[in-house]
Structure formats: C-alpha cells, structure tokens
Amino acid sequence: MRRRALIDADIAREEEADPRALPALAAAPLDALREYNAIAEEIIAHDEALLLDDLSVEASPLVHALLIFTRLKDAVAMMRGFLTGMLALPEPALREIYSRAVAELVFILHRQWEYVSTLQAKTPRELLASLSAALQLKSDLLAEVQSRLVSDFDLTAVRSTLSVQKCWELYTAQVDGLQVVEVQLEARVRTEIAEAETQRVEASRALGDAALAIAAADGAGAMGVARRLASMPSAVIKSVLLARLAELGPGEAALRAGALLADGGALGERAEPAPAARDEPAPAAPSHGAGAPRRRAGERASWREQWRSSPTPWRSWQAGGQAGLADHLPEGFKISLDELKLKQRVGAGAAGATYRASWRGATVAVKVATNGRSGVAGWRAEVAALMQLRHPNVVRCWGVVAAEPMLGIVLEYCAGGDVRHALKGPTPPRFLWRVADGVAAGMAYMHGMGMLHRDLKSANCLLDLGGGAKLSDFGLAKFEDEATTDNFGTFRWMAPEVARQEGCSRASDVYSFSMLLYELVTHEVPFEDLTAELAAAVVAQNGARPLLPAGTPKALADVLRWCWSSEPERRPNFADVVKLLQRARSKMGEAELAWLDAPLGHRPKPREGAKRRPSGDARHPRGGGEARPSASRSEASMDT
C-alpha cells in the first residue's frame, strides 16, 4: 500500500510539473467512452438486423418497443460510464475538458429523453403500462442527481453529492433492472415470431387448398378455405401472397399484382378522392404569388455567396449527398463545443431539444438534433435554410455545431418562448397584431427567397423580449422547385391539398397562416374537439373549417376566409396578406380592436354533439397520429 501511495505521489508531481500531461489525462475517459459506445452501437445494430431478419411480416409494436428499450438501456449504461469517469477525474482535469464533458452529458441525456419519449408516444397503452415501472429511476439519490444535471448540467456540483463507487452501484442497479425487462420483452418477441411462422404455414396451406378448390370448381371447398383465411391476420396472408407471386417469376401480371398488394390496394381502379366542398365566397384575389418580393442582389453576406457558388452545391449537401456533415460549410459558420456553455433545456419536440446556453458573452439557444437518419436530415435542411435567411422576423442563426457526438444549431435566444405557449395564458394588448404582422412579413420574405416553410404553426413562431414574432423550425423547409407531394407538416395546420398529397406551394403556407390567425383569435388549436388525423380529413375531404367566435370583426374574418380558401389559387400571397392585415385594422372601430385584445381570446361555440378533448399536435410524417399524454411518471423518470 505504501509503495502504491509513493508511486501515485510521483505521478501527481510529474503531472503538476508538466501541465502538458493534463489534457491527455482529462480526455482519456471521454475517448474510452467514445470507443465503447462505437462498439456497443455495432453490437446493437447487428442484433437488430438479426431480429428483423427473423420476422416474416412487418415489425409489430412489440418488436419496435424491444428495439427502443434496448437502446434506452444502452443510454443508461453510457451515463454510468460517463458520470463515473467524470467523478473520478481530478478537479483540474475536469476543468480542462469541461465544455466537452458538458456536451457529452447533453448528448447522453438527450438520448435518454428521446428513447423514453418514443416509447411513450409509439407503444400501445397496455404494453406501455407494463414498462412504466422500468422507466423510473429506482434510487431517490440518483433521481436527485439526474434532475440536477438536467436543470443546469453542473458536473462539479454532483461531485459533492455522489462518490465514484456509489455512482457505479446506483447506475448498475438501474441497468440491471432494465436488463430484466429487456429479457422479458425478448421472450415475448420470440413467442410472437414463432406464432407468426405458424400462421404463415397455415396461410400457405390454405392458399394452396384454395387454388385446388378453384381449379376443381369446388364451391363448397372454396368457401371452407375462405372461412379459414378470414380468421387469419391480413398481414400474414399478404406476406404469403407476395412470396407466392415472387416465385412466379418476372411476368408482367405477377409484378403488377405484387406491386398492388405491396401498396395495400386491390386489383382494380384506385378510387379518386372526393372533391373538397367550396367554402364561403371570398374577395377576388390576384394570381397567387404576384407582388411577392424577390431576392435582391447583394442581400446575402459575402461568405454566403462564396459558399453557394462553391463546387459542391448546397442543395446536394442539404439532401445528404456529402459524407462529412460539416464539409463545405464556411469556417465562419462553424462553432466549437468549447465556445458554448450549455445551461438548461428549455424545450423539446419532434426535431430535437433546445437548450439555453452562453456564447461569447451572449445568451443563445442551441437546438440539438435527434439521433437517426430523420434527425440528421432535419438538421441539414434547417441549416441549409437558415444560412440563406436574414430578416427581423426570422430567428437568426449564429452558427452550427457539427462535432461528435452533437449536431446542433446556435440560434438567437427568444426569451418570450413560442406563441403556442403564450396563448395558454393571458396575452397583452395588440398581441394578435404583433404576431400576425411579424409572421406575415417573415413569410413574405421567405417566399421571396423561393422557400416554403411547410410547417407553419404557433409552436414554430417565437417571441423576443419586446413581443416581436420570429419564424423558427425550418426542418421541413424546401425550395419551391424541390417540394414533393408528400403530406409533410402538422395535421391541424395542414392545407387540404397537402393532406390529399397533391403537392405544397406558397398557398399551402398561406392556409397554415390562417390556422395561426385562428389561434390568435380563439387561443385554441384548430378543431380542438377532433383528433388531429380527423381534423385533417374533414378539411381535405369535406371542406370543413374551424368555427369563428361570434363577434369576430368582419374585416378580420374576411382575411381568414380568403387565406383558408379551398382553392389554392384564390388565396392571397403573403405580400398581400401584410397589406390586408393593415387594411383590416384600419377598418375597425375601438370596440372591435378592444374585442381582439381580450387577454384570454374568444372560444368558438362547439359544434352540436362535439366533445372537447385535449389538443394534440400530431406531425406527419414520422410521428403522425394524435399526440397522447405521457405515461404517469414522477420527476424520477429517466426523461426528466
């Protein structure tokens, strides 16, 4: 023991005498953790591939729950290794790598939150109930530590609460508990796979018997087979049919039948969607897009011009064509992790989580992308859009973090939060006009640059300290000539033609603005008494629109009805919307203006027989479906 102590003392003196050794000592735990995580990711990906290869039909909710749960367990194990390593470091060594350590901590906490959120949103309720206990932190001390880390990321404060040994023991107990549940889920999945294979064999035999009965003109036998098939899951029958068709070879008939079955259709003509009903007559409108401001020469900063004209076009980078995520970004746009001091998580959504941070003496917001292909794609799209935009009503981007393990965007910090949150409480006078004017001006500029937002809603509009509105969340933004016919966006704010997959345009953003204007009047989301999917359906197929409250000033109601016209070409462009809002305001008397300043808005009269329900913010695609309340959990949950 004495000899060990002398050796340690010698090492300490050498390190004190040579400060150059300190960075290497400090970085060693993080480098080892990075290597461990890379190996763990390879093992998990390999196991996932083996499991999915065993499936003869589409993965069930149980399989998806197992895959996400396994990754959650790995994220908790990652936290165990990280926090134990940081607690074991001498104080000077931790200070040496503090910014990098905090970035790693944010990444790990972000992963835990993402996996827990995915389980809560995507797992059937009965299955989620059986997992809820495993999602809780078992130790009060561990819950206190994790809550403190989430609130301020203060690693140094944790050192006074938790020893290295205690940290390892508590997190090991948590991982072991998750391991038990994982084994139980694996057993259930294996049983499900065996049952599915038995069903496939029975379906294959039934289809063979059906073919024989049809060939022999045996009506009674065919009816018996039909009854057998009716009792089997349709997904199993479909997979067997596709396998049979594949055995027929590349004949045209076989390929056509296989394509139709794979698409979930029938062998016949596809039904056309019912035309949307015409809404109330609107004022005559100019051709959509006329009068919209166009980009002016020299509007962008010089580095933007240089980057846009570089050998690698930015649209290719946005689409994910480049291997390096930070390749071809101008040096002045890259921000190092060491420059940021992350302080607190202030928001979370489908695209990722947002953190308050300090950078060069200023308070900023850092938006961290979710993991996976969709998160990276959204990060690329948002960076590509923000690099092109500079307007008082568009949130400003200061730069990008593109360093393992974090993909982030550094934005101006809007202390007022988002408009959706502001509408949940009383709003100040002229709030409606400040938000509506600001959003319309920002969208007129964005359309003038040739870009579509494609997800305009109150939650994606931020407020600065003065109450000014700024557009945000450009993860779905596209140039007009790149837009697809997919129904991207959020159901309640989605234009009818987008819901019908007829394509998006400037007019689609104008429709979404009408739903935002409706929110500003009523302080509630559109069709609050309907599920998100049903709201999109009645808008697209029945021409339904939200009911305006009695007393809505006619001048503003006319703007609303014009913007939500069923025919996109009848909607005004945003340059005209700016003028229409000004004109509507000038026509109103003091009583009407005071009516619009009501702090809590004006609720519309519910439709006959409608029941009010908690509003969801279902976003499509990747997460379409009504947002559900989270599973019951305390502050000790891993996604705190």
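**A tour of the salt bridges**

Start by selecting Arg-585 and Asp-437: they form a salt bridge, with their closest N and O atoms 3.2 Å apart. Arg-585 sits in helix H22 (residues 574-587) and Asp-437 in helix H17 (residues 431-448), so this pair ties together parts that are 148 residues apart in sequence. Show the surface and you'll find that Arg-585 is buried, at 18% relative accessibility, while Asp-437 is partly exposed, at 25%. Keep in mind that you're looking at a predicted model.

Next, pick Lys-367 and Asp-473. Their side chains meet in a salt bridge too, at 3.5 Å from N to O. This pair links distant parts of the chain, 106 residues apart: Lys-367 is in strand S3 (residues 362-369), and Asp-473 is in the loop between strand S8 (469-471) and strand S9 (478-479). Lys-367 counts as buried at 12% relative accessibility, and Asp-473 is buried at 12% as well.

Move on to Arg-603 and Glu-528, another salt bridge, with the closest N and O atoms 3.2 Å apart. Both ends are in loops: Arg-603 between helix H23 (590-596) and strand S11 (619-620), Glu-528 between helix H19 (506-522) and helix H20 (532-542), 75 residues apart. Here Arg-603 is partly exposed, at 48%, whereas Glu-528 is buried, at 13%.

Definitions and conventions. Residues are numbered from 1 along each chain as its sequence is written. This is a predicted model: local features need pLDDT of at least 70, side-chain atom pairs count only at pLDDT 80 or more; totals for chains, interfaces and linings use all residues. Side-chain values use heavy atoms; hydrogens and water are left out. A salt bridge is a side-chain nitrogen of Lys or Arg within 4 Å of a carboxyl oxygen of Asp or Glu. Helices (H or I, at least four residues) and strands (E, at least two) are DSSP runs, numbered from the N terminus. Buried means under 20% relative accessible area, exposed over 50%, partly exposed in between (1.4 Å probe, protein chains only).
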